[in-house]
Structures are given as structure tokens and as C-alpha cells.
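The sequence and model come first.

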Amino acid sequence: MNETTLIAVDLGASSGRVISGQLTETGLTLKEQFRFSNFPVTTGRDLYWDVLKIAQEIKYGLQLTSQDGVVPESLAVDSWGVDFGYLTSRGELLLQPHSYRDERTAFTVGQLNEKLSDWQQFRLSGNQPSPINTSSQLFADRLRYPEMQPLTDRVVMIPGLVTHLLAGKADNEYTIASTSGLLTAGTTSISPEISRALAIPAMWLAPVRLGGEHLGPLVPEIQREIGYDNRMQVVVGAGHDTAAALLALPSARDEDTAFISCGTWSLIGRQLSKPVLTHAAFNAGLTNEGTFSGHTRLLKNLTGLWLIQELQRDWSLAGNMVDFGKMTMLAAASTCTTSFIDPDAPMFASPGHMEAKIRFFLRQTGQALPQTAGDLIRIVLQSLACSYRRTLGALAETTGKPIRRLTMFGGGIQNQLLVQLTADLTGLPIDAGPVEASAIGNMISQLMVLQQSAFDRDALLAQIYHPQRILPAMNRDAEYHQFEVIVQNHDGKAISST
Ligand code: ADP
Ligand code: LRH
């Protein structure tokens, strides 16, 4: 195997990172060259992503990489799902991209449902209907900005938009497009029924590329700015962060294993050969997204460490900076094991006032209030772990196969309390790692594109995949049942339990 150096630009909803990876005979060595914060910017009415700042930060990260003496062969971008930008035929960005947390879709969801019911959306696309989906956002924008329709030439999802800004070229890749709510389930085609019903031109997003592709070098001005020549090629790899991560996880392919991606969101699912389009999957809130090779990730999008990020932001605005490591320590010292929130209650989805919202939920449900910051964090973490158990039950039921093992990855596994609580609450052994699964998978997808059949993924994973095994340490069934009662009473919905 020749030595190869790759760069993964991994964009999360809380931070972006530029990571270099050196592939040698003995494995893949990662180096985080630069990490920058990323959060939605409010203008009062709207919530946007600052995509030019993201591009600028990536360029800075690439400059640092070049100063570090790294000479990469290729680069690919992966990101969070669903969000996008509108491009004119001259390649100009028409509108600052909205964040999926922007509330404009709340005003048009009724009209959307008149065109397509939730069940129709699910049956056609395999995606769980949601106001955050690209389809819901494009529909809302069509009503809000009719003047933009004739100016729009293409709609590119975030990884494509970023490569467009850096390399002057863009394509929508299958894994990221599979989060849009617009593809016919399990295919790369825009659903004609959805496109027609919502009046979203299919040609805006098409063609959707399966298996990635080679795009070309960065634009010459950016090469000069960074200090690279045009040897470094931009590749379309696995565009969606979760799909990228699965390429780095051999155990995610095992029949008896479910994965939990721990970041701003928690994504809980299994890899399958084809989409599950049953009423049971729909009612369980599951969604079918795509893998890099065109198979299915059946999963549920749950609120994740967003709650912890927002508590941290609340407190830092009040002058109390506390890092994630310290937050975990405070929670570990808390004895507050009997209060719970429903992390997916709609009130927690929007930014701001997270501590007040959690206290409101606890008061509303007649539970003990936290006495310390550690209690508050502990309540969030144990509620997240309970919501994982709840979803695993639904996933096992829907797929008709028991789950005997979990694989957890993403930044959130650095929170060892969350991982242990997940093991305790589910009673399942967990293989935790790697933290940077998305970046590793991003690099693997580049090698799949560049080296094709000469690349042996299994051999590489055998060298580099060394997860930490976490076993259940105590039975927390009583806590779980208490969580179920709280959640059930709060939203009045039916539950499925393990
Ligand atoms: P995203 O890709 O969505 O931006 P990440 O996968 O980077 O998210 O995960 C971010 C989360 O990981 C943070 O919100 C935080 O809760 C958790 N985290 C990061 N570093 C640590 C740490 N040192 N200790 C505990 N938790 C951490
Ligand atoms: C997680 C994720 C998830 C959701 C969300 C918007 O990073 O990709 O799959 O779609 O972002």
C-alpha cells in the first residue's frame, strides 16, 4: 500500500473540523488540524447558517494543514443532513442557507399536509416527515419567496454547497440527498409524486450521485491563498456525517447490532439491505436513509447533546464557562436519578433558555427540581439514555430482529457517563468509538472513489478499529419505567418498550 494523505472536512451542527489522515502500511493516523465552532445565527426572524464563515474557517484549516507540511492527495466534505443552498445559473448563492431549526416551516406544515399526508411522504420517500426535511423547507420557501423560483438553477445540500464555494463545482451525493425527503425510497431519483405535489422541480436537485465521484482541484485563487497546488483533488465522498461514520464501523454491519451516533443529534439505527416502508416503521418514527453503497440506514433522529450544548451556552452567556469534561464530572457527582425530561418534546428544539425550559418541563410533570448544575446535567443524560432504550425497542420490533450489541460513536462518547447510562439502561454491551468516526469514514469514502476495487476496506478497518467495550454495571429498569410514565403522561402517545 502506498502512503496517501487525505483531508476530511467534517461539518457538525456544533463544530466543524479539518482533519488530515495519513494512510500507511500500518494504518491511518489522524491529526485534527483545526476545529471551529458552528452554530445557527439568529437575526430575530430567521435562523441561518453562516456558510461563508464556514468556508473561511475551512480555508484557514487548510492553510494550517499546508503549514504543517501535509501534502494531501484529496479532500471531501461531509455534514449534518437536510440543509441546502439555492444557486443561480451563474453559481451565485441566492439566500443565506437557513438552519433546520428555523421555524418558518411551522407555518406551512398544514398546507404541505393538504398536498401530501405524512403517511404518503413516508411511503414515497422512506423518510419520516419532519419540518426539518429539505422537502418541508423547500415547500415553505416556495410560498415565502415566490420571486426566487425563476432565479433558482440548482439546490445543493451543504457538502455540495461547500465544495461549490471551494472548488467551483458541486453535486448532490446520495447519502446526503437521502435525508431530504425528496428521493423515491432506496433510489437516487427525485420522487415524481413528491416533486409534483409540492411543486419542487426535480431538476433542482438531480442528478444524485451514488458512490461519489472525482470533482477536480480547488479554484486557483483558493489554492494560492492556502498554499497548495492543484494536485489536491476534491472528491465527492459520503456527504452525510452518519453515513460516513458507518463506513468506519465494521460492527455496524452485524445483524445483531444497532448503532448510536452521539452528537448534536442522537441517531439510533441499523444497516439493512433495503428500506422498510411499513406502518410499523412509520408509527415508530423511523426513517430510511442511504448508505454510501446504496443500502439502507433505518434509524430514528432523536435529540442528542444539543441539550448539553444549550445548557453550556446559557451558562456561558451568564458568565459561567464550563467545559464538557467538567459538565460530565458534575453530573457524575449528582444523586438526582429520579427526574426525567422527554428530550424530544418540541419545546427543546429551538435555541435559548434551555435551563428554564427543563425546569418548566419538570414542574409541569410534578417532578423534583434540580438543586445543582450537576443535577440538571444528570437529568438530561439519563433522559437521553432512556430515550435510546425506548427507540431500540421500536427498532427491534420493526425489523423483527433482536438487538444484542450497540456500537456508539461521535463526540458524545467522550461523555463516559452517558455511555455507561446507556449500557445500564439497555442492558447491552457497547463498543464505543471512534469519536471521529465521520472523518474516518469520509476518508474511507475518498479511498473508495480514488482507488476503487484496489482499496481493501476490511483490511484497513482490521488495523484501525479498536473500540472500547463498556458493559452494563447496574440494572436501571425502575428508572426507565419512571421515564416512560413521565413521557407517556406528557405527550399522551403510545409507547413501545423493550
Ligand atoms: P456534531 O458533529 O453534531 O457537531 P460532535 O459529534 O462533535 O457533534 O459531538 C459534540 C458533543 O460531544 C458535544 O455537544 C458534547 O456534549 C460532547 N463532547 C465533546 N467533547 C467532550 C468531552 N471532552 N467530554 C464530554 N463530552 C464531550
Ligand atoms: C446529524 C444529522 C442528522 C439530522 C441532522 C439535521 O448530524 O445529520 O442525521 O438529519 O443532522
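## Nonpolar core

The largest nonpolar core contains 132 residues, and I268, V380 and M408 have the most contacts inside it. Helix 14 (residues 373-399) contributes the largest share of this core, 12 residues. A nonpolar core here is a set of buried Ala, Val, Leu, Ile, Met, Phe, Trp, Tyr and Cys residues joined through C-beta atoms within 7 Å. Buried means that 20 or more other C-beta atoms lie within 10 Å of a residue's own, exposed means 12 or fewer, and partly exposed lies in between, with C-beta atoms placed from the backbone. In soluble globular proteins, nonpolar side chains tend to be buried together.

This is a predicted model, in which local features need pLDDT of at least 70, side-chain atom pairs count only at pLDDT 80 or more, and totals for chains, interfaces and linings use all residues. Residues are numbered from 1 along each chain as its sequence is written, while chains are lettered from A and ligands numbered from 1 in the order in which they are written.

## Strand 17 and its partners

Four of the five residues of strand 17 (residues 405-409) are buried. Helices (H or I, at least four residues) and strands (E, at least two) are DSSP runs numbered from the N terminus. Strand 17 runs parallel to strand 13 (residues 257-262), with five bridges between them; strands pair if DSSP finds at least two bridges between them. T257 has R405 as its bridge partner in strand 17.

Strand 17 also pairs in the parallel sense with strand 18 (residues 430-432), over three bridges, and M408 stands opposite A432 of strand 18. Apart from neighbours within four places in sequence, M408 contacts I260, C262, I413, V419, T422, I430 and A432 (contact: C-beta atoms, placed from the backbone, within 7 Å). Strand 17, helix 15 (residues 416-426) and strand 18 form a right-handed β-α-β unit; right-handed means that, with the strands pointing away from the viewer, the path from the first strand over the helix to the second runs clockwise.

## Ligand surroundings

Ligand 1 is surrounded by 17 residues, the closest being G12, S14, G263, T264 and G411 (C-beta atom, placed from the backbone, within 6 Å). Helix 12 (324-332) and helix 11 (306-317) each supply at least two residues of this shell, and helix 12 gives the most, three. The shell around ligand 1 has four nonpolar, 13 polar and no charged residues. Ala, Val, Leu, Ile, Met, Phe, Trp, Tyr, Cys and Pro count as nonpolar, Asp, Glu, Lys and Arg as charged, and the others, Gly among them, as polar.

Around ligand 2 there are 16 residues, and W80, G81, V82, D241 and W265 are the closest. Seven residues of this shell are nonpolar, eight polar and one charged.

Technical notes: Two residues are in contact if their C-beta atoms, placed from the backbone, lie within 7 Å.
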